[in-house]
Amino acid sequence: MSNQTVSPGALLAGRYRIAELLAEIDGARVWRAVDEVLSRAVVVDVLPVGDPRTNLLFDAARRAAAANDPRFLRVLDCDVHDGVTYCVREWSGGRPLERMLASGPLTGQQAGWLAREVSEALENLHRTGYAHGAVSPATVVVTDAGAIKVVGVATEAALRSSGAGSPEEDVHSLGELLYASLTGRWPGPAPAWGLQPAPVEHGRLLSPRQVRAGVPRSLDDISDRLLGDPPRHHAPPITSAAGLSAALSGVVGSSHEPPNQMDETVQVARQNGSIDDATQVVPPAAPPALDPTPQPVYNPEPTGYRPPQPAYNAAAETGPVRRQPPANGNGRRRDEPKRKGSWGGRILILLAILALLSVVAMAQFLLKGAMNNDKSSNNSSTSTSSTPQTSTTPSTTGGKATIASAKDFDPDGDKSEHPKDVPNTYDGDPSTTWTTMSYSRPNLGGLKPGVGIIYNLGAKTPISSVAVGLKGDGTSLQVLIPKGDTTTSPDTIDGWTPVATKEDQPEGTVTLPVSASTETQYVLVWLTKLPKDDGGKYRSTISEVAIQK
């Protein structure tokens, strides 16, 4: 039997009834078949007689046997029959990510969850010392139930003669997969997997948020830490599947339940980017067809391999894509400035406001002077013999402490919790806020004891209370100061001691009183339980923090 005689209806090795051709890879053929002994569907990779990849495929099958994560499709059999080398693998109905992205990018929640599922599976594989070697949108399948299956552990790389690969290469491939899922573009110089290449600027790949509006900032950062060379903002690169799993779990949670509609065709226009920001998404147009040649339709859906297709045409677009934002309710685009009145009218309004403020200030001054004179007169007429009490020691209590600086504090996570938004919590404007990452459970997904913000008062200062403006019901928080020397800021939570605690607080301003003898340069506002947001995730928002002397 030769590769050419293996055809629909043939019985391979007296057991596997060949059903249909799924793909052809450099002369190797991938078939859907039926195991007539166990009455189940399988996938069979077939190499022709004398193919030099025979030993590679056998070695890959042995390595694939070490992949015991349920998200990997197992290798069931590998042998030679009548000179033909064949490898039998599990079949799983569903759609490869490649087919899903043909309809447009995924939502942020879907893309992050999918990448986290694959990274967790690879994390388990890498612990055995092996790698997948060929992670791509064609080897990641979303089943009919919405679960993730990874196809072709080691065997895919053997068929493509691309070598066994390494864990580092797997992680880089995961970065490409996450980028493509978020943007609908391929982060490479040429079209791939049915996607146009992502735009570049000054020789550098644009970040997902630069390509497509509404991509959550946290996922944008993770993508850049995977593919950035080097990552922006001096962020540490992610080079391991374990590191990627931890970073993604901090964003999308650790639940294995698929997001809503993960098992359906993706509806791009309904993406709302609500993982860690409220940026409204601009519904992008579907990527243009790369090859006008009609593609054959294969049913049922393939399990990770696309059918044979002609080569893609060269990309027609190399520059950044600038999409027009949608019109708002009054017909104006979001990025179109509002029509403004003349400068003369605006100046008159400003002068009128200044005049009104001057009148109010003058009235307050006169009223205060009159009250002070009246009080002085009363005191002199009622008691001329009493001696006024004076003090040479200035008061050290009362009034608002000055916050010199502040920084986010995430010692048990990825060390970053939206650092750019921290100044919003002491700028005097309650409309500006700082928000934590989103988690799957109120206890920060069970991943860490808490997150918070460290406030530097500039010098050792007595404090009496800390007021924190919260959004959402059910926040638990603490005020902590450094143990021992309170003029230093510890790097771990063990270096801090709590001086005030509040549990399950409603939305609004919560005041945490502390001992009158408390003096410190650093104050940590520490969140240990987060409220539920409108998207069903858990995150906390702080609008303003005031520290009283």
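Guide: Strand β14, spanning residues 451-462, is mostly covered, for nine of its 12 residues are buried. Buried denotes a relative accessible area under 20%, exposed one over 50%, and partly exposed the range in between, with a 1.4 Å probe and protein chains only. Strands are DSSP runs of E with at least two residues, numbered from the N terminus. The model is a predicted one, in which local features need pLDDT of at least 70 and side-chain atom pairs count only at pLDDT 80 or more, while totals for chains, interfaces and linings use all residues. Residues are numbered from 1 along each chain as its sequence is written, and side-chain values use heavy atoms, with hydrogens and water left out.

Two strands are taken as paired if DSSP finds at least two bridges between them. Strand β12 (residues 405-409) runs antiparallel to β14 and is joined to β14 by five bridges. Within this pairing, D408 has I453 of β14 as its bridge partner. β14 also pairs with strand β19 (residues 519-529), again in the antiparallel sense, over eight bridges. There, I453 has V525 of β19 as its bridge partner.

Aromatic rings may be considered next. Rings of Phe, Tyr and Trp (its six-membered ring) pair if their centres lie within 6.5 Å; planes under 30 degrees apart count as stacked, over 60 as edge-to-face and the rest as tilted. Four aromatic pairs are counted by this rule. Ring pairs gather F409, W496 and W526 into a cluster.

Key
Helix = DSSP H or I, 4+ residues; strand = E, 2+ residues; numbered from the N terminus.
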